[in-house]
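Reader: I have a model to look at and some terms to learn. Can we go through them one by one?

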Amino acid sequence: MLSPHLSSLAINQLNWGLDFTGGSLVEVEYENSADPNAIRLQLDEAGFQGHVVQFFGSDKDILVRIPPQKNLTDKENARLGDRITAVLKEGGQGVDLRRSEFVGPAVGEELTNQGGLGLLAALGSVMVYIAFRFQLKFAIGAVAALFHDVIITLGAFSIVGWDFDLTVVAALLAVIGYSLNDTIVVSDRVRENFRKIRKSNPTAIINTSLNQTLGRTLVTSFTTLLVLVALLVMGGEQIRGFAIGLTIGVVIGTYSSIYIAANVLLAMGISKEDLAIPIKEGQDDPDMMEMPDR
Amino acid sequence: MLNKYPLWKNLLVLTAVVLGVIFSLPNIYPPDFAVQVSSENNGESVTTDALDAAVASVEEAGFDYFDPMITPDGNILIRFKTDTEQRQAKSVIQRAMFDAPGEYVVALNAAASTPEWLKDLRAEPMKYGLDLRGGVHFLMEVDTESVVTNRIDSLETDVKRKLREQKIRYKSVDSPRRGVLHVSFRDEDVRSAARSELESQYREFTFSNGDDEFPYLALTITQNAIDEMEDFAISQNLQTIRNRVNELGVAEPLVQRLGRNRIVVDLPGVQDTAEAKRILGKVATLQFRFEAKPDAPRSTTINFDYEGRDATLEKNIILRGDRVVDAQVGFDPDSGLPQVNITLDSEGGNLMHRSTRNNIGRRMGTVFIETKTRDSYEMVDGVEVRKSEPYVVKRVVSLATVQAALPRQFRITGLGAGEARELSLLLRAGALAADMYIVEERTVGASMGQENVDQGAMSVSIGLSLVLLFMLVYYRVFGLAANLGLMINLTLLVAVMSSIGATLTLPGIAGIVLTVGMAVDANVLIFSRIREELKNGLSPQSAINAGFERAFTTILDANLTTLIVAVILYSIGTGPVKGFAITLSIGILTSMFTALMCTRAIVNLMYGGRNIKSLSI
């Protein structure tokens, strides 16, 4: 499952969006259906290089992306969006500017670094929290599952060639949060059962725990998918990347918390002794500690 | 008794729900179409005369206006029924305000129509981000590097001049790298004389002795000094941008520093980016000139406006604003009266010194020159057409008597506190300290903004209905309790966002949608636990109790870890990502509260303390 995604990431890499590459983007709406070829020609004649023209949502909406032009200065590049809009408006048809973005190369680089740093920081701090609340083996299991989710989701973006922009990074972090939710619920049950069920081997205990939480995992994933589909269908083009990223992530996260986290636990030889430390002395069932007032 | 909440817990839940409803309520009142008039001087309130003038103009034009008022922040708001009337009224008001005394910014705005009793409770609707209301976002980078280099150069020239003035002979001055100066001397005595002379005057440097062929004094600029230079350059540019943004007629602009050397400019409602960029990139200038002698021939003088009177100055310019490196309000140590302390660069200092030493006793005027745009209206074929034309404003902002030959640093006294602040501001605005360029720009069209709002609202309602339906079918009566909890959760989420003044963005809406989907998780955990306990043979009441209590740690752990991720998302994120992180974080907190407290209270009310045989779960 991982290998095709990893190799696509290595070979095709990601289709980095404007946020990371820098450049300009203009989204316009035409009165009647637009012809991308004519627009390309129009832009060629005006001397723009490396532009990408595509439909965005409907056949009236056109998205033009253009990298920083080498023959222009930084200041001139910052005005590229205005110039493109002006050229498109000369085309005769009524053109309405819907959105225009410009990201300078330096900012692009910063955003890339920040995004990567954020993912790592998230994984790291989550690992610390779980190691503290549960046990190191659980933390490794959880982070392995999260890594898996992130790589599969990234891989899907790479294989299909969807735009990878800042909102997708947000989606990835949300996926981490979501998948973690699942993994913790399972781990929590595993911990409880290790303490409760006296005579049983780890495999059986983990199996029981998975079965006990399966219903909940599926229901929660289902409700989350319900709203994501609503977002995907109704939310519009601008957050499509975000919705797709999350949808893939939620599906993958559900499966990874069931298979991966538990298997990593087993592979590391989780045992009763790992969990025998009561959180505070003198309690039969440490879970009772956290109980709210009844 | 099992599954009965003590009174205080029920009251707590009730209070939270009531507060939630009150503080989310302002969001259901659609904003009015309004025209806002504010004073061009930031923070200054408009007068009731101005309000009367504005109201009279719309009255005369026969518009259907209502509720004209001066807001607590000192702006005029006049509301209209339709957006066409709003736009027509804006040009009418603009003309009226042009004739009225004072300078005003007239802009379209969406005025919250929150009823009085909610306003009294300080309940306000959520603010919409640029992606929802349309507008321009600029991220500008200030070239502080060259400012610092220039300042260091001028300091170096200054040091040499100082040594010459004090007759301290140095052999050579060289700069091995930026910000470091080596001054070598014949012997150590001269060096220590130089050091004691310089050390007290140039706090920008740290001093150390070194020996090469000759003993030398090493001056290293301190990081502190560099930071100060950068801060000064940025605050100067910030001020300049604020002044210029006023010209664009934007109702709620945001201009603030971001990080070390960047400035964010958010202009909601602005569509014409080219115009915005032109105005932001404009330069105001400053000139120092002597007042003309009474017998000076007319051909050598020029008249400027000075506080409503004419001031006749010489045509000859002493120096221009680009030589000003700093201007601060200070107080005369002797009299305690306000003054403006001005620092010139070294070349400017020379020019000023040479010009003033022979003109002591004459008055020197500070002239401020700025290009502005003015809208005029013309009737073309029966249609009113707006024309923007640039015009130049030149005025004398200060006329002060020269008391002595002015050095590089001098002061202008005899000003009121307000005048001093204004003058220092203009001096700084006149000399744009550093070059600025746009590194990021995002424009969202008005139609797009509305579409985003509609699509967002649609996704939330469809997602919500689907989840509500599913929960009801799957958990029946308990599903109903969860659904009530979910509605309370959404209300609380909106209430918290409104009251902390968070800005709603498109990704923020996505965060709300996601919260709806994930919030039921806690309930699902509890309910499946209850089902399990029932299967294990517990009585309904103990099953409910065990379900809620066993699920507690799980919910806590699961939500806290997600919260960690959300906080990281917030701290690294920019614009859109931050918006998502905020709603997600608040959503996590409110859903924990609703699942653990509200749903429990509802379930307790339905089942608690009664003898029941079976549960509808």
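Author: Start with the largest nonpolar core. It has 126 residues, and A:A170, A:L173, B:V513, B:V516 and B:V565 touch the most other members. Helix α12 (residues 446-499) of chain B gives the largest share, 18 residues. The model is predicted: local features need pLDDT of at least 70, side-chain atom pairs count only at pLDDT 80 or more, and totals for chains, interfaces and linings use all residues. Residues are numbered from 1 along each chain as its sequence is written, while chains are lettered from A and ligands numbered from 1 in the order in which they are written.

Reader: What makes a set of residues a nonpolar core?

Author: Its members are buried Ala, Val, Leu, Ile, Met, Phe, Trp, Tyr and Cys residues, joined through C-beta atoms within 7 Å. A second, separate core of 84 residues includes A:V95 and B:I234.

Reader: Why is B:V460 called buried?

Author: Buried means 20 or more other C-beta atoms within 10 Å (exposed: 12 or fewer; partly exposed: in between; C-beta atoms are placed from the backbone). B:V460 has 22, so B:V460 is buried. B:V460 lies in helix α12 of chain B (a helix is a DSSP run of H or I, at least four residues, numbered from the N terminus).

Reader: Which residues does B:V460 contact, leaving aside neighbours within four places in sequence?

Author: B:I509, B:I512, B:V513 and B:V516. Contact means C-beta atoms within 7 Å.

Reader: What makes β14 and β15 of chain B a pair?

Author: Pairing takes at least two DSSP bridges; strands are E runs of at least two residues. These two have six bridges, in the antiparallel sense. B:F304 stands opposite B:A311.

Conventions
Two residues are in contact if their C-beta atoms, placed from the backbone, lie within 7 Å.
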